[in-house]
Amino acid sequence: MNAALYDRVTQVLDTLGCDLGAGECHGALCGLLCAPRAFSPRTWLEHVAGEDSPAAFEQGAARDVLDELLRESVTALGSADLDFALLLPGDDAGLAARSAAFAGWCRGFLAGLGLGGIGDMRELGADARGFVNDLERFGRLEAVDGDEADERAFAELTEYTRMGVLVVHGEVHAAAAPGAPEDPTPTLH
């Protein structure tokens, strides 16, 4: 994920009057992709749209940008190269903006897991459960600007989260029924 995609997703969500930020939108998508229930783009869009109709998210520029986000996320989560990254503002954004987006990403991921069928965290292994418990705390982080030590701590949190997502994804999908193919390139339609 890159800052340019973050900006495009932010612009689309703002244009549509969405209450979620780009980080939270991506977190929800990733939670759904990591969950045991078969991924449904409609579930994701309904969550992102909130009380509004998801139809606006399925048209024009919104559809193009969200399809790109979906394709990149599916590819990164399935990559043996561990290419997955959180969709967050670039390093040129202040630490407060990046940490607020990170907290939103964590809340979105937890919501996506729930929407995707993980209702009881005991369904997960010990490492994945510990990670999910940490995400609950990360979702309550307060956005503040800080010094270089805070920047390092933020980098460690995001790396821990990135790897934790891969652990959850690998664990849940390894436990899935053998022979159940996953569409590698889903789209919003």
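Reader: Which residues does Arg-162 touch, not counting residues up to four places away in sequence?

Author: Contact means heavy atoms within 4.5 Å. Arg-162 touches Leu-82, Phe-84, Ala-85 and Leu-86. This is a predicted model, where local features need pLDDT of at least 70, side-chain atom pairs count only at pLDDT 80 or more, and totals for chains, interfaces and linings use all residues. Residues are numbered from 1 along each chain as its sequence is written, and side-chain values use heavy atoms, with hydrogens and water left out.

Reader: Where is Arg-162 placed, and is Arg-162 buried or exposed?

Author: Helices are DSSP runs of H or I, at least four residues, numbered from the N terminus. Arg-162 lies in helix 7 (residues 148-174). Buried means under 20% relative accessible area, exposed over 50% and partly exposed in between, with a 1.4 Å probe and protein chains only. At a relative accessible area of 17%, Arg-162 is buried.

Reader: Which residues are buried in helix 1, and why do they line one face?

Author: An α-helix has 3.6 residues a turn, so residues three or four places apart point the same way. The buried residues of helix 1 are Leu-5, Tyr-6, Val-9, Val-12 and Leu-13. Seen down the axis, they fall within an arc of 130°, so they line one face of the helix; the arc is that of the directions from the helix axis to the C-beta atoms. On the face turned away from the buried side are the exposed residues Gln-11, Asp-14 and Thr-15.

Reader: What do the buried residues of helix 1 pack against?

Author: They pack against helix 2 (22-34), helix 3 (41-49), helix 4 (60-78) and helix 5 (95-115).

Terms used
Helices (H or I, at least four residues) and strands (E, at least two) are DSSP runs, numbered from the N terminus.
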